[in-house]
Amino acid sequence: MDGSENENQAHEGVEDVAVDVPGFGSLKIADVRDLTFETVEEANKFYFAYSAAVGLGCRRDDKGESKGRICWRQWVCSKEGTRDRKYLEADGLGRTPRKQTRVNCATRFRINYNDTSGVYVVKKFDLEHNHELATGNHVAFVRAHRHVGTESLALTNTMTKVSIRPCHTYEYMVEQAGGYSAVGFTIKDLYNKLDQQRRTSPFESDSEGALSFMRGLAAKDPHFICRFTTDPEDRLMDIFWRDGHSYVDYQCYGDVVIFDSTYKTNAYNQPLVLFVGTNNHRGT
């Protein structure tokens, strides 16, 4: 199973489905098995829309590839399988294991690529649920169908710039949408999305902020220099800088320079090394 895909799988709603299929909730097994799809993405949209219509949570499972083409792809219920025993035993864990959510549900949807017709056909469509399905407004809170859209994220970022907290922005969106079930995500989803944005956006990182600050100083000081190194993953490792005032001081009072590396108080536990000198007025 491709774990990274499961973490980042799409959350398409019924309105995004590219397949013209009326009445998702009333589809029979035979109707679904007669469907064909041009692409895997089209099948993904269909099954997420179908599962939302019937109150089922789903996720991507295994897939097979050959010569750069996906030969088959399978989706399963979000409650498929069981949790590994090591995550259920409290001994040795720092906290109590979370509530068990997987109940070995056998529901699955699989498509195979047909070389003759050049489309994906439904190979397997099982509806053997062994748990209750979500109904009514509860469907909106099924994890597979919760998604923070770009519009909601942009609104939250804008509100944050004018000192409005994300929790208050979320309540505003709830009021505008007409209820929590109409928003499409929870407050926890919003905070998770903001955290993901912070970690993935290069302009929000500490290293990029530091380098941007150095560029600003260099633009105002012709004697300012800055050098830095990065690791194989392009992360900032070391940075050295010197401003014009320090350069002039060293030219005049460079007899004694102290190399001080005793500071390790930052969040990354990296040493802050200072080159300290003194002038004839005993100033540093």
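## Packing of α4 and α7

In this predicted model, helix α4 (residues 150–161) packs against helix α7 (residues 187–200) at an angle of about 75°, the two axes lying 11 Å apart. Because angles of 65 to 115 degrees count as roughly perpendicular, α4 and α7 are described as roughly perpendicular to each other.

On the α4 side the contact is formed by Leu153, Thr156 and Asn157, and on the α7 side by Leu190, Lys193, Leu194 and Gln197. Sorted by class, the residues of this contact are three nonpolar, three polar and one charged.

## The sheet and helix α3

Five strands form an open sheet in the order β1-β5-β4-β3-β2, and their pairing is antiparallel. Its edges are β1 (36–37) and β2 (58–66), each of which pairs on one side only. Helix α3 (residues 40–54) packs on this sheet, where it touches β1, β2, β3, β4 (108–114) and β5 (119–126), and its direction makes about 10° with that of β3.

Strands β2 and β3 (residues 69–77) run antiparallel and are joined by seven bridges; across this pairing, arginine 60 stands opposite tryptophan 75 in β3.

## Loop residues with positive phi

Most residues other than glycine have a negative phi. Lysine 67, which lies in the loop between β2 and β3, has instead a positive phi near 55°, and its relative accessibility of 88% means that lysine 67 counts as exposed.

Serine 163 likewise has a positive phi, near 70°, and is placed in the loop between α4 and α5 (166–177). With a relative accessible area of 68%, serine 163 is exposed.

Technical notes: Residues numbered from 1 in each chain as written. Predicted model: local features only at pLDDT ≥ 70, side-chain atom pairs only at ≥ 80, totals over all residues. Heavy atoms only, no water. Pairing = 2+ DSSP bridges. Helix = DSSP H or I, 4+ residues; strand = E, 2+ residues; numbered from the N terminus. Contact = heavy atoms within 4.5 Å. Axes fitted to C-alpha atoms, helices over the stretch in contact; angles between N-to-C directions. Parallel < 35°, antiparallel > 145°, perpendicular 65-115°, else oblique. Nonpolar A, V, L, I, M, F, W, Y, C, P; charged D, E, K, R; others polar. Buried < 20%, exposed > 50% of the residue type's maximum accessible area, 1.4 Å probe, protein only.
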